[in-house]
Amino acid sequence: MQLTSGWLIGALIVLAVVVTGSAVRLLPRTAGRGPGPAAARLGLLLACQVSLVVALAAGLNGYFLFYVTWGDLLGTAGGGTGTVAGAGGPGAPAGRPLPRTISPLGAASGLRSAERDGRLDEVTLHGPRTGLRVKAFVYLPPQYFQPRFRERRFPVALVLAGYPGDPRGMIKRQGLLREVGSGVKSGRLQPTVYVITRSMVAPPRDTECTDVPGGPQAESFFSQDVPEGIAATYRVATGMRGWGVMGQSTGGYCAAKLAMRHSDRFAAGASLGGYLRAIQDGSTGDLYGGSRQVRDDNDLIWRLEHRPPPPVSLLRAQTEQGPEFDQARRFVRLARPPLRVATLFPPDGGHNLRTFQRLTPELLRWMSGRLRAS
């Protein structure tokens, strides 16, 4: 049973109610002095607190989709091996495929349905260089399956959820693909392949998309393994003008960093509520191996002050009430050609799902205008 199962959440809520009610009835029986009654009262109090906290945590997790499986929670999540069977559809390129297609999702199976609504594949992204793997969703627009576009290679937007977020949250709660689908049908967005995944590739550690000395090579995974694997499986653009990366919170920091440090791979990067310096805390551990140089190279403001600006387009989306707004303004002041920086600084809103949902349509339109099919 998955952590987000309604049955599991319901059972935990019922358990919390039963435990709390039982504790209220039993508490009078523990009156008295001495270690025995005191221990009984403490046990009843702990049972109430634990059951209520677990039920609340399960409910919040079910809504925000921080952890979907037990493997996600325990840090044992991985992916099986196998081959992608026909995942690319008509005209898919030959070459080394992604290791595994778990199942097509979204629209009903069949070419006619895909030509009308597009298709959503669930895959495992595996890095032959880095040994990392992560589950992802690949959205293929309707045009991918239509005969008149059979020779087109579609642009790609790599979409990164925050830490420890799950891509299902962006799809289900934020309505990302609903906005993409309506945008493509109306012509507001060009047909694009979206690869939606999490930024956490070595759970439960938060790598901040960094090549950690002696540790997970997360930056290489997203800048090399993922583009090569997607290009070997799907009919997508191979040049940097056809690739962009976008994300929110930690994923936003990753998007800006990947675009700035790998302008040979990504033409554009959009950061929604992302910071500009990697955060180090208990969830990250030492990201830099004690090296000041490695730390500075991952500091995007330091890079603007000490490195030549990269020839990419960036979008900084940050509310004026957000925690990193001062950093964002400083970044914009430091930017100079050939780096091009656009801003989306609404006056209200916090670092939360509602704000991300409100600003996502503008990020999608901005990104769509900067990618090129081939």
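**View A. Arg 329 and Asp 326 sit together in helix 11.** Both residues lie in helix 11 (residues 325-334), where they are 3 residues apart, about one turn of the helix; helices here are DSSP runs of H or I with at least four residues, strands are runs of E with at least two, and both are numbered from the N terminus. This is a predicted model, in which local features need pLDDT of at least 70 and side-chain atom pairs count only at pLDDT 80 or more, while totals for chains, interfaces and linings use all residues. Residues are numbered from 1 along each chain as its sequence is written, and side-chain values use heavy atoms, with hydrogens and water left out.

Arg 329 forms a salt bridge with Asp 326, and the closest N and O atoms are 3.0 Å apart; a salt bridge is a side-chain nitrogen of Lys or Arg within 4 Å of a carboxyl oxygen of Asp or Glu. Side chains of opposite charge can pair when their charged atoms come close. Arg 329 is partly exposed because its relative accessible area is 40%, whereas Asp 326 counts as exposed at 54%; buried means under 20% relative accessible area, exposed means over 50%, and partly exposed lies in between, with a 1.4 Å probe and protein chains only.

View B. The closest N and O atoms of Arg 292 and Asp 296 are 3.9 Å apart, and both residues lie in helix 9 (residues 292-297), 4 residues apart, about one turn of the helix. Arg 292 counts as exposed, with 62% relative accessibility, whereas Asp 296 counts as buried, with 10%.

**View C. Arg 119 and Asp 121 meet in a salt bridge.** The N to O distance between the side chains of Arg 119 and Asp 121 is 2.9 Å, and both of these residues are buried. By the salt-bridge rule, the count comes to 19 salt bridges.

**View D. Cys 209 and Cys 254 form a disulfide.** The sulfur atoms of Cys 209 and Cys 254 are 2.1 Å apart, a disulfide being a pair of cysteine sulfur atoms within 2.5 Å, and a search of the whole structure finds 1 disulfide. The torsion about the S-S bond of Cys 209 and Cys 254 is about 95°, so the disulfide is right-handed. Cys 209 lies in the loop between strand 5 (193-198) and helix 7 (218-233), and Cys 254 lies in helix 8 (residues 250-261), so the pair ties together parts that are 45 residues apart in sequence. Cys 209 counts as buried at 0% relative accessibility, and Cys 254 is buried with a relative accessible area of 0%.

**View E. Leu 42, Leu 45 and Leu 46 form a nonpolar patch on the surface**. Together these leucines have about 270 Å² of accessible area, a value from the Shrake-Rupley method with a 1.4 Å probe, in which, for residues, only the protein chains shown count as cover. Patches are made of residues with over 30% relative accessible area and no salt bridge, where like charges are joined within 9 Å and nonpolar side chains (Val, Leu, Ile, Met, Phe, Trp, Tyr) within 5 Å. Leu 45 is placed in helix 2 (residues 35-64) and is partly exposed, with a relative accessible area of 46%.
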